[in-house]
Amino acid sequence: MRKLLVLILTLAFALSLAGCGNPVATVNGQQISMKEYQQFLDDVLAIYEAQGIEITAEELPQLQSYVMEEMIYREVLRQAADELGVMPTKKEKRAYFEEQLALSYGDAKTGLNTISQLGLSEDYFLNGATVSLLQERISENLVPESTLSDEEAQALYEADINAWNTREVSHILIGPVSATEAAEGEELETDENGQPVFTDQEWAAAKARAEEIIKELDDGGDFAKLAEKESGDENTAVNGGALGAPFTREGSGYVEEFVAAAFALEKVGDYTAAPVKTVFGYHIILLTAKQDSGDMAAMLQIIKDTKLEEERTNAFNTFITEKQSAAVIERLNEETPADDGATEEDEAGDGAANEDPAAADGAADEGTP
């Protein structure tokens with residue numbers, strides 16, 4: 001019933017637009033047509049449906065407003081890129097789109113097949129990638145290169161070493177198994193922090209198995225294959241135990257023992273000689289990448305690149321805000337609510353329409369550490 005009501009309201013809204021003339025808005029005299037608007041709205045609704053999210057009649061006006069304001073923003077962005085002479089060609093847009101698909105899915109073909117299988121519009125995602133490309137090109141035009149000297153980069157590093165030193169690891173988790181739970185299907189006993197309580201024998205069995213795995217690694221075993229087979233961390237096991245993004249010593253979100261062991265590893269390819277105990281079980285940790293003063297030239301370049309991205313982001317935000325403020329924008333249908341600012345409900349994120357429909361279905365968990 002909800003879907004039918006949303007459909008009726010959407011069609012009624014489209015008819016009202018048609019009655020008011022073809023354009024739904026103009027940006028510096030450039031028209032945004034009702035057809036373009038309706039296609040964008042249909043694509044967004046399809047994204048939500050593919051994610052299993054139903055848009056209620058109450059949420060639809062907010063979604064319509066989002067679509068309208070996003071289309072206006074994109075037109076301002078397009079005009080700005082054209083003004084700066086950084087507008088990409090159709091071929092460049094396609095190449096960038098396929099690069100982004102490859103980053104998300106391993107290769108562009110898999111990404112395109114996924115979009116097709118979900119019954120979604122390829123153009124919707126191509127246009128979204130083009131927005132990112134325009135933002136990049138404008139940012140690079142505004143701030144072409146880093147102005148940070150080696151001495152300034154060195155000072156930034158020394159001022160907060162822990163903010164720049166990172167580690168990237170894979171792990172194999174061997175957690176203790178409750179004999180009672182395995183035999184009788186009973187719930188585990190937990191402590192005051194909600195952590196499962198295991199017997200000394202159960203912890204000892206987990207440690208012994210972790211030590212056996214280390215012995216297999218010492219004998220030439222493949223870490224990724226052992227992680228896929230043995231690790232109790234299902235989120236990372238499928239990726240050969242890889243946690244993904246690098247992390248710093250402080251603020252990583254991982255437990256202290258895990259972080260300390262990761263930073264104690266000296267060379268890429270090293271793994272912990274003994275199992276590392278945390279509340280989750282015993283970990284075997286493999287160092288896959290590191291960033292620290294061991295290669296100071298590389299570190300200084302990373303700092304320069306990071307600060308350059310910050311400068312570009314700040315310059316872009318200032319530039320596009322000024323362009324939006326100076327733009328002559330007409331919204332030609334009063335029934336389309338303008339985005340005049342976030343309400344308390346918007347800030348709370350209560351409605352499904354508050355979510356970014358172009359976002360991924362959900363970030364993978366970082367794992368148990």
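Reader: Which residues of α14 do Y73, V76, L77, A80, E83 and L84 in α3 meet?
Author: They meet F316, F319, I320, K323 and Q324. This is a predicted model. Contact here means heavy atoms within 4.5 Å.

Reader: What classes of residue make up the contact of α3 with α14?
Author: Eight are nonpolar, one is polar and two are charged.

Reader: At what angle do α3 and α14 pack?
Author: Helix α3 covers residues 60-84, and helix α14 covers residues 296-326. The two pack at about 110 degrees, with their axes 10 Å apart.

Reader: Why is α3 called roughly perpendicular to α14?
Author: Angles of 65 to 115 degrees count as roughly perpendicular. The angle is about 110 degrees, so α3 is roughly perpendicular to α14.

Reader: How many aromatic pairs does a search of the whole structure find?
Author: Seven.

Reader: Why is the pair of Y124 and F125 called edge-to-face?
Author: Ring centres must lie within 6.5 Å to pair, and planes over 60 degrees apart count as edge-to-face. The centres of Y124 and F125 are 5.3 Å apart and the planes stand at 85 degrees, so the pair is edge-to-face.

Reader: What makes the pair of W203 and Y282 edge-to-face?
Author: The ring centres are 5.9 Å apart and the planes are at 75 degrees, so this pair is edge-to-face.

Reader: Which parts does the pair of W203 and Y282 tie together?
Author: W203 lies in helix α10 (residues 200-218), and Y282 lies in strand β6 (residues 281-291). The pair therefore ties together parts that are 79 residues apart in sequence.

Reader: Why does W203 count as buried?
Author: The cut-off is under 20%. W203 has 14% relative accessibility, so W203 counts as buried. Y282 has 9% and is buried.

Reader: How do you know that the charged end of K277 sits over the ring of W203?
Author: The charged end of K277 is 4.4 Å from the ring centre. The distance limit is 6 Å, and the charge must also be within 35 degrees of the ring normal. K277 is listed as sitting over the ring of W203.

Reader: Which residues does N162 touch, not counting residues up to four places away in sequence?
Author: N162, in helix α8 (residues 161-164), touches T248, R249 and E250. The C-alpha atoms of N162 and T248 are separated by 6.4 Å, yet the two residues are 86 residues apart along the chain.

Note on methods:
Residues are numbered from 1 along each chain as its sequence is written. This is a predicted model: local features need pLDDT of at least 70, side-chain atom pairs count only at pLDDT 80 or more; totals for chains, interfaces and linings use all residues. Side-chain values use heavy atoms; hydrogens and water are left out. Axes are lines fitted to C-alpha atoms, for helices over the stretch in contact, and angles run from 0 to 180 degrees between N-to-C directions. Helices (H or I, at least four residues) and strands (E, at least two) are DSSP runs, numbered from the N terminus. Angles under 35 degrees count as roughly parallel, over 145 as roughly antiparallel, 65 to 115 as roughly perpendicular and the rest as oblique. Ala, Val, Leu, Ile, Met, Phe, Trp, Tyr, Cys and Pro count as nonpolar, Asp, Glu, Lys and Arg as charged, and the others, Gly among them, as polar. Rings of Phe, Tyr and Trp (its six-membered ring) pair if their centres lie within 6.5 Å; planes under 30 degrees apart count as stacked, over 60 as edge-to-face and the rest as tilted. Buried means under 20% relative accessible area, exposed over 50%, partly exposed in between (1.4 Å probe, protein chains only).
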